[in-house]
Amino acid sequence: VRCNNCPAAGEIALNIQKQYGHSVVVLGVHSGILSAPIGGYPNFKTTEGDAWYSFFGFDSNPIGTINRKSDGGVYAFPSTDWADAVASALQEESAVGMASNVEYDEATRNLKVDVTSKALVELPDTYSLTVCVMEDSIVGRQEGMGADYTHRHVFRGTINGTWGEDINTTTIAPQDEIVK
């Protein structure tokens, strides 16, 4: 929220999402020193976001990961590389197909999320499924943009922990479905 470069990066992310539709999920995680909500800036910081920022070795913003995969041991992609990195990632064969069903009860404010995953190939490792909550189009102060800036894809937290829950793939054959 206090980073001058983040609004331009947000536009890049939004354009990527528009280009690829539901094949791409953008998650705006606010962490690092420039995300501190001082002087009337909104508070978008989360415990999970801080843990990811530290784990992936980020030290500046805007920065991001693509599928939380490393490229030569580096997880951080500057926003100027996001479009090429996403295009490249979308060329890879998908190992898992996923669908979600979300139910929200406005009266009780209860959220129920079911995620169905299907192994599309033999999976050699244990994977984890992290279910995240994101809020879009929050109007609030942003450095260099004023108080009426529209924050997009704001990460609000996880439903099942910072690193999600493990799925042991040694017992899953291709085309098996897993519902969590």
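His30 counts as buried, with a relative accessibility of 16%, where buried means under 20% relative accessible area, exposed means over 50% and partly exposed lies in between, for a 1.4 Å probe and protein chains only. The model is a predicted one, in which local features need pLDDT of at least 70 and side-chain atom pairs count only at pLDDT 80 or more, while totals for chains, interfaces and linings use all residues. Residues are numbered from 1 along each chain as its sequence is written, and side-chain values use heavy atoms, with hydrogens and water left out.

His30 sits in the loop between α1 (6–20) and α2; helices (H or I, at least four residues) and strands (E, at least two) are DSSP runs, numbered from the N terminus. Leaving out residues up to four places away in sequence, His30 touches Val1, Ser35, Phe44, Lys45, Thr46, Asp50, His151 and Val154, a contact being heavy atoms within 4.5 Å.

Helix α2 covers residues 47–55, and its buried residues are Glu48, Gly49, Trp52 and Tyr53. Seen down the axis of α2, these residues fall within an arc of 135°, so they line one face of the helix; the arc is that of the directions from the helix axis to the C-beta atoms. An α-helix has 3.6 residues a turn, so residues three or four places apart point the same way. Among the elements that cover the buried residues of α2 are β6 (132–135) and β9 (154–158), whereas the face turned away from the buried side carries the exposed residues Thr47, Ser54 and Phe55. After α2 comes Gly57, which has a positive phi, near 75°.

Phe56 belongs to the loop between α2 and β1 (63–64), and Phe56 counts as buried at 10% relative accessibility. Apart from neighbours within four places in sequence, Phe56 is in contact with Thr65, Arg68 and Tyr75. The C-alpha atoms of Phe56 and Tyr75 are separated by 6.0 Å, although the two residues are 19 residues apart along the chain.

Ser128 is part of strand β5, which consists of residues 127–129. Ser128 touches Trp163, Glu165, Asp166 and Ile167, when residues up to four places away in sequence are not counted. The C-alpha atoms of Ser128 and Ala76, 52 residues apart along the chain, are separated by 20 Å.

| Residue | Relative accessible area | Class |
|---|---|---|
| His30 | 16% | buried |
| Phe56 | 10% | buried |
| Ser128 | 37% | partly exposed |

The protein as a whole contains three helices and 11 strands, and from the N terminus on its elements run α-α-β-β-α-β-β-β-β-β-β-β-β-β. Of its 180 residues, 31% count as buried. Among the contacts with a separation of 6 or more, 57% are accounted for by residues 24 or more positions apart.

The radius of gyration of the protein is 17 Å, which agrees with the value near 16 Å that a compact globule of 180 residues would have; this radius is taken over C-alpha atoms, and the globule rule is 2.2 Å times the number of residues to the power 0.38. Along its principal axes, the C-alpha trace spans about 50 × 45 × 30 Å.
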